[in-house]
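Work through the exercises below with the model open. Try each task before reading its solution.

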Amino acid sequence: GAVFAARQVGLDDFKRYVEGFGFGQKTEVDLCTEQAGNINSLNDRNEIYLATASFGQGITVTPMQLVRAFGAIANEGKLVEPYIVQTIRNKRGEIVEDRQTKITGQVISPQTSKLLGSMLVSVVKSGHAGKAAVDGYLVAGKTGTAQVPDREKGGYSDDTIHTFVGFAPFNHPRFV
């Protein structure tokens with residue numbers, strides 16, 4: 001399904017969306033170090049790289065990039081600059097620094113974000129992410145399983161990395 005959808009979009013637009021969601025670039029989150037991930041395979045015109053990237057293989061992303069991308073889905077398609085600490089106060093309780101939400105782009109339309117979000121709710125309600133469900137709330141989320149490259153032997157090892165990313169509540173997101 002992912003390969004079919006990516007082929008319908010085409011390599012150039014697919015890459016534009018991947019970059020629009022912030023993959024392949026640092027989030028500039030206020031932490032000591034950060035990696036940009038790697039989406040260089042999308043620079044190759046070979047259709048196999050589009051196909052494998054469509055389901056997350058052949059590219060690398062960081063957990064912070066996933067959080068930022070899901071934040072965009074939760075925020076009507078708006079990409080928001082992530083931060084760790086919003087407010088810093090001194091000993092007297094006075095605000096020394098107060099970070100404001102900074103929107104850095106509109107990746108998808110609000111309508112597309114709602115449609116995609118409802119699909120992600122279905123993943124939690126009826127799919128493989130049932131353990132993420134919270135009684136009384138609609139949780140939107142997606143599981144992922146990544147094969148680990150084996151640099152010594154080439155190809156992939158038998159190890160896998162399992163992930164989950166989501167947001168809630170669906171109708172008024174407060175958490176990613």
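## Getting oriented

The chain has 5 helices and 6 strands. Helices (H or I, at least four residues) and strands (E, at least two) are DSSP runs, numbered from the N terminus. This is a predicted model, where local features need pLDDT of at least 70 and side-chain atom pairs count only at pLDDT 80 or more, while totals for chains, interfaces and linings use all residues. Residues are numbered from 1 along each chain as its sequence is written, and side-chain values use heavy atoms, with hydrogens and water left out.

## Exercise 1: the overall layout

Task: describe the order of elements, the extent of the chain and its contacts.

Solution. 
- Step 1. Read from the N terminus: the elements run α-α-α-α-β-β-β-β-α-β-β.
- Step 2. Box the C-alpha atoms along the principal axes; they fill roughly 60 × 40 × 30 Å.
- Step 3. Check burial. Of the 176 residues, 30% count as buried. Buried means under 20% relative accessible area, exposed over 50%, and partly exposed in between (1.4 Å probe, protein chains only).
- Step 4. Look at contacts, meaning heavy atoms within 4.5 Å. Of those with a separation of 6 or more, 52% are between residues 24 or more positions apart.

## Exercise 2: salt bridges

Solution. 
- Step 1. Apply the criterion: a side-chain nitrogen of Lys or Arg within 4 Å of a carboxyl oxygen of Asp or Glu. The whole structure gives 9 salt bridges.
- Step 2. Take K78 and E76. Their side chains meet at 3.5 Å, N to O. K78 is partly exposed at 26% relative accessible area, and E76 is partly exposed at 41%.
- Step 3. Take R92 and E94, which pair at 3.1 Å, N to O. R92 is exposed at 66%, whereas E94 is partly exposed at 40%.
- Step 4. Take E81 and K102. The closest N and O atoms of this salt bridge are 3.7 Å apart. The pair links distant parts of the chain, 21 residues apart: E81 is in the loop between β1 (78-80) and β2 (87-89), and K102 is in the loop between β3 (95-98) and β4 (103-106). K102 is partly exposed, at 47%.
- Step 5. D30, E81, R99 and K102 are linked in a network of salt bridges.

## Exercise 3: the pockets

Solution. 
- Step 1. On a 1 Å grid over the protein atoms alone, a pocket is an open set of points where a 1.4 Å probe fits, with protein on both sides within 12 Å along at least five of seven lines; lining residues have an atom within 4 Å of a point. Grid points are joined across faces, edges and corners, and a volume is the space filled by probe spheres set on the points.
- Step 2. The largest pocket has a volume of about 2,000 Å³. It is lined by 48 residues, and the closest to its centre are A53, S54, F55, G56 and I59. β5 gives the most to this lining, with 8 residues.
- Step 3. Sort that lining by class: 30 nonpolar, 16 polar and 2 charged residues. Here Ala, Val, Leu, Ile, Met, Phe, Trp, Tyr, Cys and Pro count as nonpolar, Asp, Glu, Lys and Arg as charged, and the others, Gly among them, as polar.
- Step 4. The second largest pocket holds about 630 Å³. Of its 19 lining residues, N75, V80, R174, F175 and V176 are the closest to its centre. The largest share, 6 residues, comes from α4. The classes are 11 nonpolar, 4 polar and 4 charged.

## Exercise 4: backbone exceptions

Solution. 
- Step 1. Most residues other than glycine have a negative phi, and most peptide bonds are trans.
- Step 2. A cis peptide bond joins A168 and P169, with omega about -15°. P169 sits in the segment after β6.
- Step 3. E28 has phi near 65°. E28 lies in the loop between α2 and α3 and is exposed at 55%.
- Step 4. E76 has a positive phi of about 55°. E76 is in the loop between α4 and β1.
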